[in-house]
Amino acid sequence: MATFRLKNLYLSSLLILLTSCAIPLKYKLAEQRKITSTDAQPLVSSEVSMLYKTQIFLFNKYYTGMLLHKQTDSTTSHLVFVTELGMKMFDIELKKDSLKMVYCFVPMNTPKITTLLENDMGLILLHQLLNKTGKIYINKKDEKKLYITNENGKKYFYYTQGNSNRIGKSLVKGKLFTKQKTVYKFGPDNLPESVSLKHKGLLRLKIKLNRIITTKANE
Amino acid sequence: MLNQKLYLLFCIFSASLFAQTGFKTVKDTVLLKEKINGISKETNSLESDFTQVKTLSMLSEKITSKGHFCFQKVNLLRWEYVSPYTYIIVINKDKVLIKDDSKLRKYDMNSNKVFKEINDIMISCIDGNILKSNKFKIAYGENDKAYRLELTPLVKGMKESLKKIYMYFDKAVTSVTKLEMVETTDDFTVIDFTNKKVNGNIPAEKFILK
């Protein structure tokens with residue numbers, strides 16, 4: 001009986017290993033090259049500031065507030081998270097290929113948390129995709145594209161929405177299991193209306209963003 | 001000649017601007033403290049609308065929120081944001097209740113140091129008890145329209161995030177008209193209180209969230 005259970009465990013582990021690393025069968029490799037903003041539309045605009053109602057579930061803590069993205073010069077932009085009461089929680093500086101936490105409020109300011117936030121914000125903003133060399137797969141049925149890049153032993157899967165260049169979903173996979181899943185929904189202006197990122201497994205971290213459209217009336 | 005005229009105009013403009021915004025040190029601080037202590041004793045409840053503007057200095061960006069505020073002695077506080085989205089935070093003695101997206105969350109005030117600190121500052125600013133606090137160095141200023149208390153944090157934990165808190169009172173010293181919190185990063189939050197109702201009847205349900 002024990003041997004049977006052990007066999008089952010080995011088999012199911014092997015199955016998980018195979019399926020978690022697999023590329024969906026309907027996708028065929030088209031080419032391998034640098035992924036540009038023509039392939040995948042950047043999620044922030046250099047023209048307008050963007051404001052998101054934000055919920056961050058981090059371990060056993062829950063933070064809410066507003067996340068602002070603003071371009072400060074041609075190569076730099078910032079992501080700033082402010083609570084409803086006006087307290088700035090973090091400020092991440094974004095350059096073309098890098099992210100740096102330039103301010104983090106004391107209760108959140110631990111290396112583990114700041115690294116996690118930097119990585120997740122980078123993931124949301126497609127930092128592991130844009131300007132990186134990756135494989136481009138195409139779904140012959142609906143022309144959806146799948147971009148795959150590798151970085152630091154992780155595989156990044158980005159699925160487009162139909163045959164557009166908008167990323168609808170991304171997955172990060174480690175050697176064995178899926179680590180993170182991000183889902184994007186777009187508004188009529190072609191910018192993300194909502195974003196949700198979830199870590200799978202033991203790490204309890206979830207980020208939800210919902211765009212706030214500021215009008216003269218609510219300013 | 002034209003330059004001289006322009007210079008004169010500039011001087012007049014600057015002087016009038018300074019008169020409006022510049023604060024000089026209050027000579028009779030004892031009297032002002034008595035008036036502020038008077039608010040503390042006489043204010044049992046306070047209701048008002050508020051406009052909160054968060055200025056992110058480095059980004060030259062402002063985030064504006066609006067809502068309604070209620071305070072009831074002792075230690076009952078409600079901030080209800082209606083714009084840019086609905087968000088209610090109620091402090092009921094040692095409980096913190098937050099309603100967001102129709103979800104209700106409850107916290108014990110003592111389990112969250114940050115909440116406790118923010119709550120203590122907010123309530124003591126509103127009821128005037130801040131003067132008795134040993135957590136700040138206080139400087140008293142005035143201009144022709146308002147009194148201004150400049151609070152400099154003295155305690156560790158607060159000094160790292162807050163550089164100054166400014167409290168503004170009308171010249172009759174009836175209540176706080178404006179609060180300004182300046183962070184160490186030079187970002188600042190200004191809360192303007194309007195349509196104030198002092199010692200009105202606030203239903204107890206306002207401080208309960210279900």
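In the predicted model, chain B contains an open sheet of twelve strands, arranged in the order E1-E8-E9-E10-E11-E12-E2-E3-E4-E5-E6-E7 with antiparallel pairing. The edges of this sheet are formed by strand E1 (24-25) and strand E7 (103-108) of chain B, each of which pairs on one side only. In general, the strands of a sheet pair through backbone hydrogen bonds, in either a parallel or an antiparallel manner.

Several loops between strands of chain B carry backbone features of note. Two of these features are cis peptide bonds. One links B:Lys73 to B:Val74, with omega near -5 degrees; B:Val74 belongs to the loop between strand E3 (61-72) and strand E4 (76-83) of chain B. The peptide bond from B:Ser83 to B:Pro84 is also cis, with omega near 5 degrees, and B:Pro84 is located in the loop that lies between E4 and strand E5 (87-92) of chain B.

Positive phi values occur at two residues that are not glycine. B:Lys93 has a phi of about 55 degrees and lies in the loop between E5 and strand E6 (95-100) of chain B. B:Lys93 is classed as exposed because 10 other C-beta atoms lie within 10 Å, where the limit for this class is 12 or fewer. For B:Asp186, phi is positive at about 70 degrees. The position of B:Asp186 is in the loop between strand E11 (176-183) and strand E12 (188-198) of chain B. With 11 C-beta neighbours inside 10 Å, B:Asp186 likewise counts as exposed.

The model also contains an interface between the two chains, in which 24 residues of chain B are in contact with 24 residues of chain A. On the side of chain B that touches chain A, at least two residues each are supplied by strand E2 (45-56), E3, E4, helix H3 (113-127) and E11 of chain B. The most is given by E3(B), with four residues. By residue class, this side of chain B divides into ten nonpolar, seven polar and seven charged residues.

Definitions and conventions:
Residues numbered from 1 in each chain as written. Chains lettered and ligands numbered in written order. Predicted model: local features only at pLDDT ≥ 70, side-chain atom pairs only at ≥ 80, totals over all residues. Pairing = 2+ DSSP bridges. Buried ≥ 20, exposed ≤ 12 C-beta atoms within 10 Å, placed from the backbone. Contact = placed C-beta atoms within 7 Å. Nonpolar A, V, L, I, M, F, W, Y, C, P; charged D, E, K, R; others polar.
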